[in-house]
Amino acid sequence: MSSSKAASLAARLVDPNRQGPRSGRNYDSEDDDDEALFAELEEEIENDSSASVREHALSVLKQEMERVKDLQANQHGTYGEVSDEKEVIRITSREKRCVVHFYHTNFKRCEIMDKHLAKLAPKYFNTRFLRVFVENIPWLVEKLAIKVLPCVICFVDGVTRDRLVGFDEVGGVDSFETAALELRLTTCGVIQRTSNRSDALFKVSSQKDDDDFDI
C-alpha cells in the first residue's frame, strides 16, 4: 500500500458522508462505526506485502483515530450552545477553525440561521460550530462590535477571519438554501471540503484586514 493510499484511508475516518463498512452489520453507536471502519482499513493494510509500509500506514491511521476522538470530546460534529463568556473566548482562541452564531431569542432570522448551521456542523467535523446568546456575553458583543443579528463570526487560529451579518450575502431572503451559507463559509476558509478519494483540502481565501478582531 502506498503512503498516498494510507493518507486516503485515514481521511475516510473523518469523511462526514461516508457509509459504514461493507459487512452489513448494525452498530449501536457512532463509536462502533468508527471502530469497525478502522478494523476494515487495518485489514487492508495488513494485506500489503511491505512490512515498513504496513507499519507506517497503521501509525497514520491510529494517529488519525486519536485525533478524531479528541475532536469528538470537544463537541466537534455538533451544534450546541455555550453560555459562559470566558468559555466562548477560550474556544474561539484555541480551536483551529470555529463558527459562532451570535443570536437573540426575539429574532426569527436567528432561528433560521440555527437550522442551517445545525446541518453543516456534522458535515464539517474539523470545524467547531456553536451559538451564544448575546445577553450572556456583553463584553464580547462590544469587543466584536456586534450590532445587527443574526451575526455569524468565523474564527481561524484564534482571530476573526470573516463575519456574516443578516442574510444579504446568502440570497437576502429567509428561504435561502443551506448550500448558499456553506459556500459563503467555504470562501473564508473556516470550513474546508475534503475530497472523497484523498486527504487534500481546497479553499478560496478571502480576508479583509479591517474586519479582523483579535480577542
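## Helix α4 and its two sides

On the face of α4 that is turned away from its buried side sit the exposed residues K86 and R94, where exposed means over 50% relative accessible area, buried under 20% and partly exposed in between, with a 1.4 Å probe and protein chains only. Helices (H or I, at least four residues) and strands (E, at least two) are DSSP runs numbered from the N terminus. The model is predicted, so local features need pLDDT of at least 70 and side-chain atom pairs count only at pLDDT 80 or more, whereas totals for chains, interfaces and linings use all residues. Residues are numbered from 1 along each chain as its sequence is written, and side-chain values use heavy atoms, with hydrogens and water left out.

Helix α4 spans residues 85-94, and E85, V88, I91 and T92 are buried in it. These residues cover an arc of only 125° around the axis, which puts them on the same side of α4; the arc is that of the directions from the helix axis to the C-beta atoms. The buried residues of α4 pack against β2, β3, α6 (138-143) and β4, contact being defined as heavy atoms within 4.5 Å.

## The sheet

Five strands make an open sheet in the order β1-β3-β2-β4-β5, with mixed pairing; two strands pair if DSSP finds at least two bridges between them. The edge strands, β1 (79-81) and β5 (159-165), each pair on one side only. From one strand to the next the twist averages 25°, with axes taken as lines fitted to C-alpha atoms, for helices over the stretch in contact, and angles running from 0 to 180 degrees between N-to-C directions.

The parallel pairings are those of β1 with β3, joined by three bridges, and of β2 with β3, joined by six bridges. G80 stands opposite L130 in β3, while the bridge partner of F102 in β3 is V132. Strand β4 runs antiparallel to β2, with six bridges between them, and R97 has V156 in β4 as its bridge partner. Six bridges also join β4 to β5 in the antiparallel sense, and these two strands form a hairpin with two residues between them, where D157 in the turn has a positive phi of about 55°.

## Burial and helix packing

Seven of the seven residues of β2 are buried, so this strand is largely enclosed by the rest of the structure. R97, V99, H101 and Y103 point one way from β2, and C98, V100 and F102 point the other way. Strand β5 is mostly covered, with five of its seven residues buried.

## Aromatic rings

The structure holds two aromatic pairs, a pair being rings of Phe, Tyr and Trp (its six-membered ring) with centres within 6.5 Å, stacked if the planes are under 30 degrees apart, edge-to-face if over 60 and tilted for the rest. Y103 and F133 form a tilted pair, 5.5 Å centre to centre with 40° between the planes. This pair links distant parts of the chain, Y103 in strand β2 (residues 97-103) and F133 in strand β3 (residues 128-133), 30 residues apart. Both residues, Y103 and F133, are buried.

The rings of F167 and F176 have their centres 4.8 Å apart and their planes at 65°, so this pair is edge-to-face. F167 counts as buried at 0% relative accessibility, and F176 counts as buried at 5%. R131 lies over the face of Y103 at 4.2 Å from the ring centre, the criterion being NZ of Lys or CZ of Arg within 6 Å of the ring centre and within 35 degrees of the ring normal.
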